[in-house]
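Reader: Hi, I have a structure to get through today. Can we go over it together, piece by piece?

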Amino acid sequence: MSMREFDFVEPTSVSEACALLAEDPDGSAVFAGGTDILVDLKAGLKHHQRLVSLARIEELRAVELTADGALRIGATATINQIARHQGIKERFSGINDAAMSLAAEQVRNQATVAGNLCMAVPSADMAPILLAHGATMRVVSPVGERVVPLREFFVGPRETILEAADVVVAIDVPPPAPGTGDASLRQGGRVSLSLPMAAVAAVVVMEKRICREATVTLGAVAPTPIMATAAGEVVTGNELSEDVLREAGERAAEAAVPIDDLRATKEYRLELVKVLTRRVLQAAADRAKG
Amino acid sequence: MERVVHLTVNGDAHSVAVRPNVTLLDVLREHLGLIGTKRGCDFGDCGTCTVLLDGEAVKSCLVLAVAADGREVTTIEGLASDGAMHPLQKAFIAKGAIQCGYCTPGMVMAAKALVDANPDPTDDDIKTALGGNLCRCTGYTRIIDAVGSWRKYEGDAAPEPDSGHDLETHAVVGRSVPRSDAPAKVTGRAVFTEDIRLPNMLYGKLLTSPHAHAVVTNIDTSKAEALPGVKAVITGADVSGVRYGVSPARYDEYVLAKDKVRFVGDEVAAVAAVDEATADEAVKLIEVEYELLPVLLDPFEALADGAPDIHEAARGKNNVNTLVDHHFGDVDEGFAEADAVFERRFVGNFVQQSPLEPHCAVAQWNHDRGTLTLWSSTQVPHYLQKQLSRVFEMPLAKFRIIKPYVGGGFGGKAEAMALDFCSAYLSRATGRPVKMTYTRPQMFEHHRGRHKQFMDLKIGVTKDGKITAVDFRNVLDGGAYTSFGVITAYYAGFMIPTLYHIPNYRYHGRRMYTNKPPCGAMRGHGVPQPRFAFESLLDMLAEEIGMDPIDIRMVNAMDPNTRTVNDLDVLSCEFKATLDTVRERSGWDAKHGKLPFGRGVGIGSGGFVSGAGYPIYRSSFPHSNAIIRVLEDGEGATLMIAAAEIGQGSETVLAQVATEALGLAYGDVTMADCDSEIAPIDLGSYSSRVTLMAGNAVKAAADDINSKLYRVAARELGCEPEALISEGRRIFIEAAPHVGMDFAEAARRCFSADGPLVGTGCYEPPSSLGGDFKGATVGTSPAFSFGSSVCELEVDPETGVVRIIKFTDAHDSGTVINPIAFHGQVEGSIVMGVGEVLSEDMIFDDKGRILNPNLHDYLIPSIGDTPEIESIAVPSYEPRGPYGAKEVGEGSMVPVLGSIANAIYDAVGVRMYELPITPQKILKALEEKESSD
Ligand SMILES: Cc1cc2nc3c(=O)[nH]c(=O)nc-3n(C[C@H](O)[C@H](O)[C@H](O)COP(=O)(O)OP(=O)(O)OC[C@H]3O[C@@H](n4cnc5c(N)ncnc54)[C@H](O)[C@@H]3O)c2cc1C
Ligand code: FES
Ligand code: FES
């Protein structure tokens, strides 16, 4: 599949990247791992005159767990950097779940977390769990830097609040409260290399058997990854009994607005949301105990 | 703008000038000639392009060359050091983890990244690390085994396969010798058609129709022709008026559309240009005007009175492309004798072979001699040569067909295709070699995969389980052209009475033209879907009369030396042994109906022909023909045969037969290239014919050599030639083994006295096959295989997701010539079957466009979907086969579908009538069951 011609630039600083993007905002695009962009270019779905690669900007590569338990994911950190990070495995198991469910090994070696979010497809695997953790995006533009909650980041399928010369430089995940457990679950059409038909993530704060706080988020069942706030509310203040979980599942399904497509029907996606919500809440709570 | 990129590839520094839109894969293959890294999809889905970038596995089709600047790349060519293979490579050879070899380099590189980081990986580690590498041949089990045991192959030891399953009756036959092509495939040296680069070569591309049904009113190629770098553009006006196809009665395809287009993907024009990008660009510049016609996507709509004709009416009334109407015995009487009769509709799916290697052809027209040399990824070099000769209206001798390594076919490469013809025309027009390759989406549009069948099946049984009658009405959605479809329509019905004794049988089959991609022959050709229906309905009847599913199969099972109700000739048959075996090995009696809700076991049976009894077009030539040439020093021999190795291992098996028959040691016989200038006609790789038919021809050629040698040796040893045998590189008196001479010595004398020592042999199926009614020849075969599979699985009743746990499979394949190759076929069939039942289906929109023409959304199983598989060959001997051998490659696919469907029923009590059995269908069925309970 031959791609149309484009220019490829590799700035070494964020400001240089922004400047390059600003030169031709409509014709340029940020290039991170390229696993989404190249597919679009090959399929002729997009045409960019210029790709601005972030690969040579050293400071964007880091993944940091700070002493207070916050997590910062640099813009060019790959999915596998996350999946192989021992600290993340222990403290943010749900983020590890999501990373391990994405595509397959080679893609995980190349694809970035930021790229997954910026691509903003409804099924993006990293989105629900980061949304549930209340992650924020640090965005730099030629006029300065701002922080955007992930909750406000997605606008529609393949659409975000980013302006043409914006660069996401990092994703920040706040430190989880004591007693937090998290999990991410999704159902694809085969074990690896398949996009999810539905995905659910949960972050819960447990105090003994009582859930003090719960956030449930959904992927692949709405135009963007979404919060299922009501589902979290059902659980909050309660033990995770079968009834409570079932109720949470129903609420989550009410939040979902799935479509029929070649991967699954609307009805099936709703059923999946119910089941996955129950299971993911239970898994998150179990981890909080353990 | 070009830019110089510095790469260290396999330790060597390279500077390459590239444009930014060039991928690392392009650089490796096109600039550096490192063809070991394969392009199976170009979209990140298949993993055949996997290389290491600074030590990490990446898909090189998704890496821009400019982004790799300054980095270190390791490809498969860099893995062996100083010619010594990496232990992983040896493990792949020894464990039989290689079949067609197209996935192998990528698979090995992904495994290399794994073992570098984790030298003792668990099975789960392996499944995670290789999750991005698809394999369509092996079923993955041997790949997992190879990677898991790689450390056993450290050091100098040569890769010796496990001999656990070997027969002890012969020296070479029955032994798990390593595949002769494995070293070339595992090191990336094996050259597939796409890997060929000839001097001054052009690249061709096809323009296909975006409409499912339309008249082509005008084509303007002027803009395309004006594009710099474009060397030729051809349309329907430039190609032969002779139509091609598979069955002579239904040659219905023009090389390029002359009048109408009949499916999205129908070929309209082709261009040749100096590079692929220019050719792609030129294709877009061709302007075609279409007058749209009504689109018929539903075979029942196509069948309705008043439906427009997709082809001129003469080729089929009401769009019926093939009609089969058979009645043996009297079904009405049969049903009257039955105690239980069930009738149900079952519906199949559109399954595509999806070999990892895309179809490719390289044509070189020689104007000095007026000949064409064509390298093609084909399963049937002879039929290709024949069709070229028809279309170009020139003698066979003008066409030289060379089949390089083929990266899987499964029936999808069993006929001449547009790429073959178009590359030939373009080469003739330009006087330069032309290469053409299908993109992955074009492979789906070309299709020639399974027909979707709508099967109304009725079976009657007595209270003892004896089948009294079967009535089968079938509508096959055939797509826009005939392809193999006549045969498919017959096979779908004809194979039903081969497995069980069926005293009364009626089959009514209609293959419909629709405006979809043409369906053709795929592994098990026409049989798997009807067998899914039959095995499901038989289980339902067993339950109705209170009988165990394996018992009801035993009661009806075919016996050896039977002439079936539809006049098929069954000689060897160990079907009952396969049932006994899987019953015992799967723990059936303790499991069936006894496992907790959500877990179940199911049985399915099936089998296949060992080669078609008659060729596709009427001809008097033997079906297989072999030549063996012993070298003048007598130390080795070359086998020349055009039976097509496409990954199944037939070259190795045929070399084993030749070696055994000549009494030599494995390695003494080498295979000549599959080249029509070297080897005589052989009908190729379809209908599971190679082992039996080509094997017989090879054995006959070896016997011919032996008879010449025995004459010479008998004079020398003072005995009768009949007293001699050849074994262990010696010819000796059977009754007095110490009296003999070296094979080489006898061969030298023979050569010195008479000149070239050549043996020839051929095989022609018995003329007695088949009855004398219309179509009686179609399902005939010298021998039939039989097999049974027990599937154990889990169904998640909340999501409908099926997890296959284990397959226990027993197959009667006659004498097994190479056990590792045999089990590899079974494992590959099972995993392909799992995909076919659970996830694979081409989905069309209402305009006839395929919505999932890629390996991203058309879901063939990944390594993590592979269950545990126990494969058993039951002892058997087929008198018509070489050393008693018959088929396994296709027959092993057939039982899989029913066994899964029946296991799902055992697990959760829902009967699934429609393929694929997706989680959402199971969930729906569970809900319906709950509301009706
Ligand atoms: C075979 C295959 C399988 C896949 N399977 C899955 C899957 O199962 N689940 C899943 O979620 N995804 C899947 N993907 C999609 C893809 O791998 C991910 O979305 C990936 O994380 C994208 O990251 P990237 O770095 O490759 O992005 P790129 O392709 O480089 O960029 C993606 C988009 O984000 C923009 N962008 C990237 N970084 C920034 C930034 N820092 N600031 C501003 N804009 C930015 C780009 O301009 C572009 O529009 C698959 C892809 C392939 C090829
Ligand atoms: S060719 Fe790169 S993944 Fe298929
Ligand atoms: S051996 Fe894996 S695709 Fe053929």
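**Domains, chains and a ligand**

Author: Let's start inside chain B. The C-alpha centres of domain 4 of chain B and domain 5 of chain B lie 38 Å apart. Domain bounds here come from an automatic or database domain assignment. This is a predicted model: local features need pLDDT of at least 70, side-chain atom pairs count only at pLDDT 80 or more, and totals for chains, interfaces and linings use all residues. Residues are numbered from 1 along each chain as its sequence is written, chains are lettered from A and ligands numbered from 1 in the order in which they are written, and side-chain values use heavy atoms, with hydrogens and water left out.

Reader: How many residues does each of domain 4 and domain 5 of chain B put into the contact?

Author: Domain 4 of chain B gives 22 residues and domain 5 of chain B gives 18. Contact means heavy atoms within 4.5 Å.

Reader: And how much area do domain 4 and domain 5 of chain B bury between them?

Author: About 1,500 Å², with 63% of it on carbon and sulfur atoms. Buried area is the accessible area (1.4 Å probe) that two parts lose on being put together, summed over both. On the domain 4 side of chain B, B:I817, B:P882 and B:Y883 lose the most area to domain 5, together 37% of what that side buries.

Reader: How many salt bridges are there between domain 4 and domain 5 of chain B?

Author: The count is 0. A salt bridge needs a side-chain nitrogen of Lys or Arg within 4 Å of a carboxyl oxygen of Asp or Glu. There are 10 residue pairs in polar contact between these two domains of chain B, both residues at pLDDT 80 or more. A polar contact is a pair of N or O atoms within 3.5 Å; within protein, one must be able to donate a hydrogen and the other to accept it, and residues adjacent in sequence count only if both atoms are side-chain atoms.

Reader: New topic. How many residues of chain B are in contact with chain A?

Author: 55 residues of chain B touch 45 residues of chain A. The two chains bury about 4,100 Å² between them, and carbon and sulfur atoms give 54% of that. In chain B, B:N21, B:F43 and B:L62 lose the most area to chain A, together 16% of what that side buries.

Reader: How many salt bridges link chain B and chain A?

Author: Chain B and chain A have 7. In one salt bridge, the side chains of B:R19 and A:E5 meet at 3.3 Å, N to O. Side chains of opposite charge can pair when their charged atoms come close. Over all chains the count comes to 88 salt bridges.

Reader: What about polar contacts between chain B and chain A?

Author: 24 residue pairs, both residues at pLDDT 80 or more.

Reader: Now the ligand. Where does ligand 1 lie?

Author: Ligand 1 lies between chains A and B. It is surrounded by 35 residues, and the closest are A:V30, A:G33, A:T35, A:D36 and A:T112. A residue counts as near if one of its heavy atoms lies within 4 Å of the molecule.

Reader: Which polar side-chain atoms lie by an oxygen atom of ligand 1?

Author: Among them is one of A:T112, 2.6 Å from an oxygen atom of ligand 1. Another belongs to A:N116, at 2.9 Å from an oxygen atom of ligand 1. The backbone takes part too: a polar backbone atom of A:I37 is 2.8 Å from an oxygen atom of ligand 1.
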